[in-house]
Amino acid sequence: AEDLQKSNINGLSKTAKSGASKKLIIKNLKDRPKLTDSYTEDTWLKLRDAVCAIQNSTSIKYNLEELYQAVENLCSYKVSPVLYKQLRQVCEEHTLDNLTFLKKMNGCWQDHCRQTIMIRSIFLFLDRTYILQNALLPSIWDTGLELFRTHIVSDSGVQRRTVDGILEQIERERAGETANRSLLRSLLSMLSDLQVYKECFEQRFLSETERLYAAEGQTLMQEREVPEYLHHVARRLEEENDRVISYLDQSTHKALISTVEKQLLGEHMNTILQKGLRTLLDENRVTELTLLYQLFSKVKDGLIILLQFWKQYIKDFGGEIVSSPEKDKDMIQELLDFKDKMDNVIQRCFQKNDNFNNTMKEAFENFVNNRPNKPAELTAKFVDSKLRAGNKEATEEEMERTLDKIMIIFRFIHGKDVFEAFYKKDLAKRLLLGKSASVDAEKSMLSKLKHECGAAFTSKLEGMFKDMELSKDIMIQFKQYIQNQSESSSIELTVNVLTMGYWPTYTPMDVHLPTEMLKLQEVFKIFYLGKHSGRKLQWQPTLGHAVLKTEFKEGKKELQVSLFQTLVLLMFNETDELTVEEIRTATGIEDAELKRTLQSLACGKARVLNKTPRGKEVEDGDRFNFDSDFRHKLFRIKINQIQMKETVEEQVSTTERVFQDRQYQIDAAVVRIMKMRKTLSHNLLVSELYNQLKFPVKPADLKKRVESLIDRDYMERDKENPNQYHYVA
């Protein structure tokens, strides 16, 4: 380049002496390209590339003579000030460029290491004898490190630029740019070898990391949805772990990861859960829930906070199911599905954590009992729907699994006496009407209840099964007894003898039975009391049922009907048309039950009676006649499903009976406690009662029962202290 410059200068000085040469220069100037913005910019870009190539010790893409000529052209057009300013700026940028400095620094370090190793190999004998024997003298290698640390790295300017450069490269890499990892690894290893890694680099690095992720966490928490944010946090943690493996010192790992977790998770735990937990659970986002649990388990108190939100979610979601009367029809199935879903989350996402499992049970118990009695009633009815003939549970295994799930809900219920009352009522119908799907399933459920609540809870239910078994034996004996009688009957009578204490209480109804039925009842009464003297039989027609042989124009059919339906239909053997009042008078069936019965015969799916006028409701003025044109594809037609349906009166009477039983139990518990303690304060008495009673009860109800017992002279108030009670023997 210097030779080229000299030759050009000489050429210029020579041309200045001759006119011909002047003409040549002018000619050359005319040949030069015109100065335009695009020409100036293109030329400068070439010159800048060349300067950068020289600075980075790489090959130059352009011819040097062309580059020289380009500079001369720009100077001739008087853009020298701009050109100089741009050149200086490029040179300054190179000088100030941290990456360039880092490379130079690394080269210096590598050279120093190679030189020290070479020197040590020459002076190895000295290193292993004299220096080794003098404890105060550092080895030749350590001396080399000490000199480099003292005279180079300890220089504030060198140290600052080195650390700034490393931090800049890491920041760029975090922003998605590519970093020279081998260079960073070499320089950080240098700082570590020189024992200045922590004081010079790590503190600033962690501080910058905290600043970066604090800002990032605030921004992304507002901009992104929770699932996306969780994946971002996981990716960031993975990147930082990778940095430790690639070039950071291992000692930084714990503090670095802790800083990232704190800024991206620890500072936003409540926001993350408030904003996203319900959505994740509602949509059953297994992947994100697993990630959420993994991330929160890394942060201090993370799982404790997650546990609180988890419990609240279950209480809120379950509370919506239980507290909505419009959802009563599907309440238990929804609770079972919800429980399965939460179990699945614990199993697959929360690593089968016992704390989450126990908290879930507490939450279920809480919301299930927020609405007293109704869940217990609906659970019993749900069991009935599963154990009743015609349900969709195809196999014994499926039935068993369903019953096990129901028992889980049953455990959460406080008012188990409500469950028992409705379960007993439905069991009675299944047994007496022959509507049970499987005796094995019935006994399996009974066994589960016994295991859960003890023998006292199921003793009456077991008594019902014993009555049914004994009734079968009685009927075998009765048939033999009938055969030995001189008079035979065209009616085949089956009687279930029920022990009154075991079965639900049925309101007696005095209906008018046909003479032949009354005769058979009397025959059975004589037979039974002849074997069991001293017993009293009370006939209960409510759940009686019969099979009627019927003739239609289509042919003969058999109708499976309730006893009340039987009494109504038999009347049409004598007459073609009857009014509601005539049927009521003849049968003795009470008004509400009669209307239900007529509705089932004239307004249901199998309409064996015609009603005038037509309509779904039965009114007092309606008239009925037998439909001889009735058609049906089956030979035996079931019309007595009405007996399985629960009436409003039945539901109310069952509930009232439970409350009445509870009052008796409270009275008995109060008397039992007072008899043992003799004298007791009101608060202590209430506390004792809560411990003994197995159903939920309000303090006001307890107070009423205490007042009732005082009125009946079972106990009395202390004359000086009204809150003190004394037992009256």
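**Exercise 1. Is Phe356 buried or exposed?**

Solution. Phe356 has a relative accessible area of 1%, so Phe356 is buried. The cut-offs: buried is under 20% relative accessible area, exposed is over 50%, and partly exposed is in between (1.4 Å probe, protein chains only). This is a predicted model: local features need pLDDT of at least 70, side-chain atom pairs count only at pLDDT 80 or more, and totals for chains, interfaces and linings use all residues. Residues are numbered from 1 along each chain as its sequence is written, and side-chain values use heavy atoms, without hydrogens and water.

**Exercise 2. Classify two ring pairs.**

Solution. Rings of Phe, Tyr and Trp (its six-membered ring) pair if their centres lie within 6.5 Å; planes under 30 degrees apart are stacked, over 60 edge-to-face, the rest tilted.

- Count first: the whole structure holds 26 aromatic pairs.
- Take Trp109 and Phe148: centres 5.1 Å apart, planes at 65°, so the pair is edge-to-face.
- Check burial: Trp109 is buried at 4% relative accessibility, and Phe148 is buried at 1%.
- Take Phe350 and Phe356: centres 4.7 Å apart, planes at 50°, so this pair is tilted.
- Phe350 is buried at 0% relative accessibility.

**Exercise 3. How many disulfides are there?**

Solution. A disulfide needs two cysteine sulfur atoms within 2.5 Å. The count is zero. Cys200 is in no disulfide; its nearest cysteine sulfur, that of Cys108, is 16 Å away. Cys200 is buried, at 6% relative accessibility. Cys453 is partly exposed, at 23%.
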